[in-house]
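Let's take a quick tour of a protein model, one topic at a time. Keep the picture handy as you read.

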Amino acid sequence: MNQPLAYVHPGAKIAKNVVIEPFSTIHNNVEIGEGTWIGSNVTIMEGARIGKNCTIFPGAVISAVPQDLKFGGEESIAKIGDNTTIRECVTINRGTAASGQTVVGNNCLIMAYAHVAHDCVVGNNVVIANSVALAGHVTVGNFAVIGGLAAVHQFITIGDHSMISGGSLVRKDVPPFTKAAKEPLSYIGINSVGLRRRGFSSDKIREIQDIYRTLYQKNYNNSQALDIIEAEMEATPERDEIIHFVRNSSRGIMKGYTGVY
């Protein structure tokens, strides 16, 4: 561990080969895994649990207390998985009594100035671009991509393999495998490029397209569309994931297809 001119609290648990650059501060009750690099002027506060081989750039603040007026000083954590990159001036707050933790998964890229609020759960292989703001209790699925300057309302769920356009205002849930853009946020197709990159076959992509045509482009309400999808389309993990997501959406899903974007 290399920490000239850095402050590391004696109660922090730091793996032997972690590099901590000058002028960073590591508080008590912090754990940092092997191979992680902490750049200069990083502040890692109580309750941080940082995995292996992460890279945290200057100015980031990890595990600060929530920006929630109901927070009463209860114990909570901010958990970062392995192989995640956190760029300059990112802020990730720890959880509240609601869940006790904020979670960012493995292999994520969180770009400069993004904010992950209390009680968020960010999956694995997620890309959150510059200046994205996640309000409290947001859930982001695996392999999701959120474009720069997007603002996500509290309690929103963003599905696996979805892609949200930069500058979006996300007030409704975004189902898995979709692309979301326009104002108000709307379905503009499925994330076929992302799916191909992740090994989805052409047949599987067509299956997902057919499901969303029924859901978004045939003038059914959501309940009617789901009944038709369930009755007429073969049961597959992707079909069932979409049905479960829509049926369990607490805020309702984004609006339907309204023409070429």
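This is a predicted model: local features need pLDDT of at least 70, side-chain atom pairs count only at pLDDT 80 or more; totals for chains, interfaces and linings use all residues.

Residues are numbered from 1 along each chain as its sequence is written, and side-chain values use heavy atoms, with hydrogens and water left out. Helices (H or I, at least four residues) and strands (E, at least two) are DSSP runs, numbered from the N terminus.

**The sheet**

- Ten strands form an open sheet with mixed pairing, in the order β3-β6-β9-β12-β15-β18-β21-β24-β26-β27.
- Two strands count as paired if DSSP finds at least two bridges between them.
- β3 (19–20) and β27 sit at the edges with a single partner strand each, so one side of each has no neighbour in the sheet.
- Strand β6 (residues 37–38) pairs with β9 in the parallel sense, over two bridges.
- In that pair, I38 stands opposite I56 in β9.
- Helix α2 (residues 202–216) packs on the sheet and touches β26 and β27; contact here means heavy atoms within 4.5 Å.
- The direction of α2 makes about 155° with that of β27.

**Two helices together**

- α2 and helix α3 (residues 222–232) pack at an angle of about 145°, with their axes 8 Å apart.
- Axes are lines fitted to C-alpha atoms, for helices over the stretch in contact, and angles run from 0 to 180 degrees between N-to-C directions.
- On the α2 side, I211, T214 and L215 make the contact, and on the α3 side it's N222, A225, I228 and I229.

- Most residues other than glycine have a negative phi, and most peptide bonds are trans.
- E183 and P184, though, are joined by a cis peptide bond, with omega about 0°.
- P184 is in the loop between β26 (178–181) and β27 (186–190).
- N53 isn't a glycine, yet its phi is positive, at about 55°.
- You'll find N53 in the loop between β8 (48–50) and β9 (55–56), where N53 is partly exposed at 43% relative accessible area.
- Here buried means under 20% relative accessible area, exposed over 50%, and partly exposed in between (1.4 Å probe, protein chains only).
- N125 isn't a glycine either, and has a positive phi of about 60°.
- N125 lies in the loop between β17 (121–122) and β18 (127–128), and counts as partly exposed at 26% relative accessibility.
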